[in-house]
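This report concerns the arrangement of a protein complex and the contact between its chains.

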Amino acid sequence: MAITGRPNPIRVATGARTPVRAGVSAMAPLVAGLVPFGLTVGATAARSDLPPLVGWASSVLLYGGSGQLALMGVLDGGGSVLAAVAATMAVNVQMLLYGAGMRPIWADQPRRWRAVAAYLLVGPLFAVTVTHHQTEADPARRRGFYLAAGTTLWVAWFVLTGIGAALGTVLPTVPAVGLLTPLVLLTMAVRAAKGRPGAVALVVGASVAVAAGTVAPDLGFVAGGITGMVAGVVTDRWSRPAQAEQVEDVADAVGTSPVPAAPSAAVAS
Amino acid sequence: MSAWLALAIAGVLTWGAKALPSTVADRLPIPPAVERASAFVAPAVLGALTARGVTGQAMAGDAWPVLAALVVAVPVAVRFRSIALTLAAGSAALTAVSLVG
């Protein structure tokens, strides 16, 4: 029987590797970049006056470096439970952004799976998942990738903070390693920015995060994310009439009726 | 005991913040404007994440090598969209400026 159908472009783009292998591979460079941070979080727990296992257990129960540092910092300084929780949630309000970002991506996944998968959701996993899912439409392969990448990061984080807690103050500082994660995130941000509105969202988000981050680093990140999102929407709205006019001009020139303006690349992605 | 209590409460609330938008809030009708805005979550949040990471590195030590790495890495990332090339270019610039400085 002759094969007449065209190959599935999604399979061609991503099917060379299993979702599990792709997830582990995608997360590997980010894990390498997180080595200094993970060791630092573990060492912070070891140096504090908290019960020995609290710091390490926070890698499981809280799972998020910035939030862990906030919690340990307040408790170690003699803060109350309420103050510690409030400080942690002020930092972890960023998780709402990740959840909101995954909402359309998880629309075709079972609700129970979404609830469980949300536990693993942190910045690096959000980054690799958004990038991967742009070229992978199969829900089962998406789940496999997400779980593989998320579990890789979770295990690595647990081990790194454990090593940091064990080594305490005897830790080397290698600047190039610390910059690995931002550079990987930079590439993923560029890949995620489709068209001019996407580029504006990226640049504004980064700029506001830097400016506001001088006051409060984690809230600055949230401010950057929200402002960048709004800037992308505004730019998209401005660019739409221009696109429609261009389509009408072309239609007039060739003597046909104008077709509806296509949605911008960022909206379509 | 209070440390464990704080950890447990913060852990549950953090998980709730991650899960809420995709489990509970997905039952609610989303206005078109919000739906449109969600298309820009990824570039905005990833851009902010990158900025926070770079700023953190710059503030942790000498800022010039980090700035040099960024100046070299951004065009490479935009041009090639390759993680490996961006890492290579940024790390090389960081190392070179660190050695010179």
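The model is predicted. Chain B contains 5 helices and 0 strands, and its elements follow the order α-α-α-α-α from the N terminus. Of the 101 residues in chain B, 44% count as buried. The accessible surface of chain B amounts to about 5,000 Å², with 76% belonging to carbon and sulfur atoms.

The size of an interface is often expressed as the accessible area that is lost when the parts come together. Between chain A and chain B, the buried area is about 6,000 Å², and carbon and sulfur atoms give 76% of that area. On the side of chain A, the residues that lose the most area to chain B are A:Arg103, A:Arg111 and A:Leu179, which together account for 11% of what that side buries.

| Item | Value |
|---|---|
| Chain A, contact with chain B | 80 residues |
| Chain B, contact with chain A | 59 residues |
| Salt bridges across the interface of chain A and chain B | 0 salt bridges |
| Polar contacts across the interface of chain A and chain B (both at pLDDT 80 or more) | 12 residue pairs |

By class, the side of chain A that touches chain B comprises 56 nonpolar, 16 polar and 8 charged residues.

A:Asn92 belongs to helix α5 of chain A, which spans residues 81-92. Because its relative accessibility is 1%, and buried means under 20%, A:Asn92 counts as buried. Apart from neighbours within four places in sequence, A:Asn92 contacts A:Leu62 and A:Gly67 in chain A, together with B:Thr14 and B:Ala17 in chain B.

Notes. Residues numbered from 1 in each chain as written. Chains lettered and ligands numbered in written order. Predicted model: local features only at pLDDT ≥ 70, side-chain atom pairs only at ≥ 80, totals over all residues. Heavy atoms only, no water. Contact = heavy atoms within 4.5 Å. Buried area = accessible area lost by both parts, 1.4 Å probe. Salt bridge = Lys/Arg side-chain N within 4 Å of Asp/Glu carboxyl O. Polar contact = N/O pair within 3.5 Å; in protein donor to acceptor, adjacent residues only side chain to side chain. Nonpolar A, V, L, I, M, F, W, Y, C, P; charged D, E, K, R; others polar. Helix = DSSP H or I, 4+ residues; strand = E, 2+ residues; numbered from the N terminus. Buried < 20%, exposed > 50% of the residue type's maximum accessible area, 1.4 Å probe, protein only. Areas by Shrake-Rupley, 256 points an atom, 1.4 Å probe, with all protein chains shown as cover.
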